[in-house]
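Open the model in your viewer and keep the selection tool at hand.

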Amino acid sequence: TKYDCVLVFSLQVLNEKKLQEVDSLWKEFETPEKANKIVKLKHFEKFQDTTEALAASTALVEGKLSKNLKKILKKIVAKDAHEQLAVADAKLGGVIKEKLNLSCIHSPMVTELMRGIRSQIEGLITGLPSREMAAMCLGLAHSLSRYKLKFSPDKVDTMIIQAISLLDDLDKELNNYIMRCREWYGWHFPELGKIITDNLAYCKCVRKVGDRSNFASSDVSDILPEEIEEEVKAAAEISMGTEVSEEDINNIIHLCDQVIEISEYRTQLYDYLKNRMMAIAPNLTVMVGELVGARLIAHAGSLLNLAKHPASTVQLLGAEKALFRALKTKRDTPKFGLIYHASLVGQSNAKNKGKISRMLAAKTALTIRYDALGENTSAEMGAENRLKVETRLRLLEERGIRRISGTGKALAKTDKYQNKSEVKVFDPSGDSTLPVVSKKRKIQEVDEQDTEVSVKAKKFKAEMK
């Protein structure tokens with residue numbers, strides 16, 4: 001019943017000895033004749049329509065016992081209560097045993113048996129054309145797929161994944177458009193780009209004024225502050241830009257319209273993403289923010305897939321390329337991936353970023369599982385874990401001014417800083433390594449040395465005589 005749900009039927013095993021040989025069981029189902037020697041049809045019941053078949057199949061997929069199956073089991077199997085009921089799904093077998101108190105068996109032998117029955121289903125059930133059977137199976141498969149898609153829990157995650165991807169695409173397009181607009185209008189009024197740094201205000205000014213000669217008579221106080229407006233008007237009078245035609249200005253204005261429309265839509269999309277994240281993953285949003293949370297979900301594929309990742313994987317999501325390059329070259333592995341853009345990691349200094357990202361990833365992994373698998377939709381758990389990470393961050397920041405020796409709890413006793421202003425004069429004596437001696441002194445020393453030499457020479461002559 002799990003695989004061909006268009007029909008409800010019951011088969012009775014005739015030769016149980018053959019079933020013990022699991023490896024060679026497939027040989028007994030090579031032909032319909034051999035299959036009829038192993039099992040025979042005991043009861044057959046057809047569904048009224050596809051809706052009933054769909055309800056029964058979805059119940060079986062979810063491991064539940066449908067009403068029709070319950071009635072049939074009570075009617076047929078209850079007569080042979082001493083016999084064991086072979087089931088293809090262990091979960092379904094547990095439900096049957098609990099509700100009907102019937103002995104169920106699920107083993108590799110049952111799996112092989114079910115595979116053989118499916119291969120020879122047309123020979124075991126007589127009076128059912130193969131074309132009708134194929135059409136019924138196809139119709140049910142389509143209905144089941146539509147049902148799964150309609151009630152898929154991942155469906156909402158898909159909205160978040162699409163929204164964050166579109167947001168990134170919009171940012172790229174906006175940057176290209178704004179750069180093109182500034183460069184294009186810069187030929188006509190180059191000074192405006194340096195005065196107005198805000199891109200949206202720049203485009204609004206260009207759209208409202210057009211030619212730079214109109215700035216003197218135009219009022220842009222609703223877009224720019226008063227002092228910047230005066231600076232723009234003054235620059236417009238002495239601008240070094242080239243003259244352009246009216247057609248060029250019209251094309252630039254159309255580009256500005258596009259930039260303003262995309263900017264407004266981006267703001268609207270960001271609000272939508274924010275609300276979606278707070279509804280689907282409130283604790284994750286509180287921990288790392290809606291943008292980082294949405295990127296983590298998009299990177300993993302769904303919230304449920306993200307919940308299956310350990311904290312170490314959550315920490316490095318987005319840095320896989322750097323991780324495998326570091327492992328290949330036997331260098332230090334990265335400490336963070338997408339989680340680096342979280343506000344808590346950004347608040348910490350460079351020394352503590354690795355520790356904070358590791359702790360934040362651990363707490364984030366808990367909040368993801370709570371959001372994906374928990375029934376409560378409040379964000380209290382996320383707020384509590386965020387507070388713990390913030391406390392840890394403060395402790396790490398304070399540790400820099402604590403004593404290294406001792407218990408480490410006492411604060412370092414530093415002397416009070418006093419500003420001592422001393423005026424120091426440059427000493428030019430250190431510029432040269434030669435001794436500073438005047439020329440006059442040198443001449444005197446040379447004369448003295450000459451006199452000493454002459455006196456010694458006279459004494460020597462006198463001694464010789």
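The model is a predicted one. Select Glu-231, which sits in helix H12, residues 226-237. Glu-231 has 44% relative accessibility, so it counts as partly exposed.

Next, select helix H5, residues 90-100. Colour its buried residues: Leu-92, Gly-93, Val-95, Ile-96 and Leu-100. Look down the axis of H5: these buried residues fall within an arc of 160 degrees, so they line one face of the helix. Then turn to the face directed away from that buried side. Lys-91, Lys-97 and Glu-98 are the exposed residues there.

Now for the salt bridges. The count is 9. Three of them follow.

Stop one: select Arg-180 and Glu-183. They form a salt bridge, with the closest N and O atoms 3.6 Å apart. Both residues belong to helix H9, residues 155-186. Because they are 3 residues apart in that helix, about one helical turn separates them. An α-helix has 3.6 residues a turn, so residues three or four places apart point the same way. Arg-180 is partly exposed at 44% relative accessible area. Glu-183 is partly exposed too, at 46%.

Stop two: select Arg-207 and Asp-257. This salt bridge has its closest N and O atoms 3.3 Å apart. Arg-207 lies in helix H11, residues 199-209, and Asp-257 in helix H13, residues 246-280, so the pair ties together parts 50 residues apart in sequence. Arg-207 is partly exposed at 38%. Asp-257 is partly exposed at 21%; the cut-off for buried is under 20%.

Stop three: stay on H11 and select Lys-208 with Asp-222. Which atoms meet, and at what distance? Their side chains form a salt bridge, N to O, at 3.1 Å. Lys-208 is in helix H11 and Asp-222 in the loop between H11 and H12, so this pair ties together parts 14 residues apart in sequence. Lys-208 is partly exposed at 43%, whereas Asp-222 is exposed at 59%.

Last stop: the positive charges. Select Lys-335, Lys-351, Lys-355, Arg-358, Arg-392 and Arg-399, which form a positive surface patch. Zoom in on Arg-399. Arg-399 is in the loop between helix H21 (380-398) and helix H22 (439-464). Its relative accessible area is 48%, so Arg-399 is partly exposed.

Notes: Residues are numbered from 1 along each chain as its sequence is written. This is a predicted model: local features need pLDDT of at least 70, side-chain atom pairs count only at pLDDT 80 or more; totals for chains, interfaces and linings use all residues. Side-chain values use heavy atoms; hydrogens and water are left out. Helices (H or I, at least four residues) and strands (E, at least two) are DSSP runs, numbered from the N terminus. Buried means under 20% relative accessible area, exposed over 50%, partly exposed in between (1.4 Å probe, protein chains only). The arc is that of the directions from the helix axis to the C-beta atoms. Patches are made of residues with over 30% relative accessible area and no salt bridge: like charges are joined within 9 Å, nonpolar side chains (Val, Leu, Ile, Met, Phe, Trp, Tyr) within 5 Å. Accessible areas come from the Shrake-Rupley method with a 1.4 Å probe; for residues, only the protein chains shown count as cover. A salt bridge is a side-chain nitrogen of Lys or Arg within 4 Å of a carboxyl oxygen of Asp or Glu. Lys and Arg count as positive and Asp and Glu as negative; His and the chain ends are not counted. The place of a charge is taken as NZ of Lys, CZ of Arg, CG of Asp or CD of Glu.
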